[in-house]
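Q: Hey, can you walk me through this one? I'd like to take it a piece at a time.

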Amino acid sequence: MADAVYTPPKIWANDTENGGRFASINRPTAGAREERDLPVGEHPLQLYSLATPNGVKVTIMLEELIEAGHDAEYDAWTVNISQGDQFTSGFVGVNPNSKIPALLDRSGPEPVRLFESGAILIHLAEKFDAFYPTGQTRAEVLSWLFWQVGSAPFIGGGFGHFYAYAPEKYEYPINRYAMETKRLFDVADQRLAQSRFLGGDDYTVADMATFPWLAPFVEGNIYNDATTFLSIHEYENVARWVAEINARPAVRRGRIVNKVWGEENQQLAERHSAADFAGKDI
């Protein structure tokens with residue numbers, strides 16, 4: 001059956017009755033909706049996030065820095081986006097775009113706010129001089145990092161929304177974004193046939209940014225069995241790369257920080273020290 005034809009009105013108006021899973025919190029306006037301060041811990045780095053793919057990028061980076069011996073201890077606080085925590089005055093003060101993750105770096109004379117996951121990864125890489133090569137290799141890493149940042153909306157807000165979250169399923173948008181998601185997997189697969197990691201021989205911020213988006217498809221735990229629908233088994237080089245990265249202890253820790261769903265021993269709503277991982281299945 002063909003999709004119903006939609007004729008846009010002359011002037012668009014917000015329809016919260018037809019917006020799907022997040023209709024109750026999505027609005028066409030920015031800014032705070034509630035006065036509430038953010039919690040603050042003892043460490044210079046304060047992370048406000050959730051264990052979605054974009055949030056996991058940063059917790060993997062922080063755990064990798066600590067694993068490598070850097071003084072990157074941090075406090076991680078859960079921002080429950082389903083409950084609208086991202087629209088509190090405290091969070092909007094750190095990220096006016098009301099999206100996770102957001103980071104407050106208090107290590108200098110004045111606090112530095114950072115929002116957008118790519119910006120946070122680069123800030124941390126430059127701050128600790130880690131996972132961020134120099135010269136021509138850096139250009140390659142930056143290209144793959146921003147490839148991922150630019151691609152995520154097609155996978156999440158595009159394919160994920162229309163395949164899993166939209167109130168009704170329509171053929172055109174699902175096909176449109178399924179095609180683009182598979183194309184992006186093919187881009188990664190072809191690159192990983194040429195090199196061990198996205199940026200070359202070394203593991204970098206480009207891999208940390210991309211892994212949380214591609215790994216759940218390989219593992220089969222995202223968007224209502226999208227793995228089968230998209231034939232993700234076809235991308236053998238991506239699967240090899242996912243397995244190698246997921247074997248890293250820091251990655252396994254980073255994947256559960258600010259996670260508040262799933263098996264209880266794989267959740268960690270807040271992270272304030274390495275001791276918080278005790279008893280967790282990582």
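This is a predicted model: local features need pLDDT of at least 70, side-chain atom pairs count only at pLDDT 80 or more; totals for chains, interfaces and linings use all residues.

Q: Okay, and where is serine 89 found?

A: Serine 89 is in helix H2, which covers residues 89–94.

Q: What else is serine 89 in contact with, leaving aside neighbours within four places in sequence?

A: Besides Arg36, serine 89 is in contact with Ala32, Glu34 and Glu35.

Q: Switching topic: how do the axes of H3 and H4 cross?

A: Helix H3 (residues 117–128) and helix H4 (residues 135–165) have axes that come within 10 Å and cross at roughly 155 degrees.

Q: So are they roughly parallel or roughly antiparallel to each other?

A: Angles over 145 degrees count as roughly antiparallel, so H3 and H4 are roughly antiparallel to each other.

Q: Which residues make that contact?

A: From H3 you have Gly118, Leu121 and Ile122, and from H4 there are Leu142, Leu145, Phe146 and Val149.

Q: How do the residues of that contact divide into nonpolar, polar and charged?

A: Six are nonpolar, one is polar and none is charged.

Q: Now the strands. How many bridges join E3 to E4?

A: Four bridges join strand E3 (residues 102–105) to strand E4 (residues 112–115), and the two run antiparallel. As one example, alanine 102 stands opposite phenylalanine 115 in E4.

Technical notes:
Residues are numbered from 1 along each chain as its sequence is written. Side-chain values use heavy atoms; hydrogens and water are left out. Contact means heavy atoms within 4.5 Å. Axes are lines fitted to C-alpha atoms, for helices over the stretch in contact, and angles run from 0 to 180 degrees between N-to-C directions. Angles under 35 degrees count as roughly parallel, over 145 as roughly antiparallel, 65 to 115 as roughly perpendicular and the rest as oblique. Ala, Val, Leu, Ile, Met, Phe, Trp, Tyr, Cys and Pro count as nonpolar, Asp, Glu, Lys and Arg as charged, and the others, Gly among them, as polar. Two strands pair if DSSP finds at least two bridges between them.
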